[in-house]
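Here is a short briefing on one protein model. Keep the sequence and the structure in view as you read.

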Amino acid sequence: MRLLKWLSLGAAVWIVYWGLAAWGLRGGFETWFNEQQRQGWQVSYGPMITRGFPLRHVTRLEQPLLADPGTGAAWSADWIEFDSPAIWPGAQSLRFPATPQHYSYFDQTRRLTAAEMRADLQLAPGLALELEQLSLTSQAWQIADADGVLWQAQDLVLEMRQMAQAEQYHLNAEARQFSPRGY
């Protein structure tokens, strides 16, 4: 009976922690988007949904759009998803849709289509939030414009990993069967 009380108390504490952390993450995303808007960017997104209880925080934004009228740069996608372990939000994954993402620079628009594209950010525990690793990976991908495919490859790995000295990083870039102009 005593064990059941402790387990119930632990579960209640975890539920409260998970809810507060999810609320904090959502608030952080909203604050970031509001700050971009304050700086003059066009920002919009559809529903923001958080799920993943009890072990993860998975926040999905539908129809995100970011555009900087000052530089003419813009990005949009069908959705974007942020995923982190509930116990440590410093291990963040960003997943992108397999449907085209649109990048624009003034009057030039490119479409990026990538299978299983994700960006991973790993921060060191502690108050300094020091970057340990940053990577972008995908399976088959291509960048195209109105005239057709500009670049494509079977996969992509871009990685930056902290070395023994905190200020030094190892950089890695790989793209198998890369072909410019789709040849």
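In this predicted model, the cover over the buried residues of helix 1 includes strand 1 (42–44), strand 2 (48–51), strand 3 (56–62), strand 4 (65–68) and strand 6. Those buried residues are Trp-18, Ala-22, Leu-25, Phe-29, Phe-33 and Gln-36. An α-helix has 3.6 residues a turn, so residues three or four places apart point the same way.

**Helix 1**
- Helix 1 is made of 37 residues and spans 53 Å from its first C-alpha to its last.
- That span is close to the 54 Å expected at 1.5 Å a residue.

**The largest pocket**
- The largest pocket holds about 150 Å³ of space.
- Its lining consists of Phe-29, Trp-32, Phe-33, Leu-61, Pro-64, Leu-66, Trp-75, Ile-80, Phe-82 and Leu-94.
- By class, 10 lining residues are nonpolar, with no polar and no charged residues.
- Helix 1 (2–38) and strand 6 (79–85) each provide at least two residues of this lining.
- Helix 1 contributes the most, with three residues.

**Ser-93**
- Ser-93 lies in strand 7, which covers residues 91–95.
- Ser-93 counts as buried because its relative accessibility is 9%, and buried means under 20%.
- The side chains of Ser-93 and Arg-118 make a polar contact at 2.6 Å.
- Apart from neighbours within four places in sequence, Ser-93 is in contact with Glu-81, Phe-82, Asp-83, Arg-118, Ala-119 and Asp-120.
- Phe-82, one of these contacts of Ser-93, also lines the largest pocket.

Conventions
Residues are numbered from 1 along each chain as its sequence is written. This is a predicted model: local features need pLDDT of at least 70, side-chain atom pairs count only at pLDDT 80 or more; totals for chains, interfaces and linings use all residues. Side-chain values use heavy atoms; hydrogens and water are left out. Helices (H or I, at least four residues) and strands (E, at least two) are DSSP runs, numbered from the N terminus. Buried means under 20% relative accessible area, exposed over 50%, partly exposed in between (1.4 Å probe, protein chains only). A polar contact is a pair of N or O atoms within 3.5 Å; within protein, one must be able to donate a hydrogen and the other to accept it, and residues adjacent in sequence count only if both atoms are side-chain atoms. Contact means heavy atoms within 4.5 Å. On a 1 Å grid over the protein atoms alone, a cavity is a set of points where a 1.4 Å probe fits but cannot get out, and a pocket is an open set with protein on both sides within 12 Å along at least five of seven lines; lining residues have an atom within 4 Å of a point. Grid points are joined across faces, edges and corners, and a volume is the space filled by probe spheres set on the points. Ala, Val, Leu, Ile, Met, Phe, Trp, Tyr, Cys and Pro count as nonpolar, Asp, Glu, Lys and Arg as charged, and the others, Gly among them, as polar. The expected span of a helix is 1.5 Å times one less than its number of residues.
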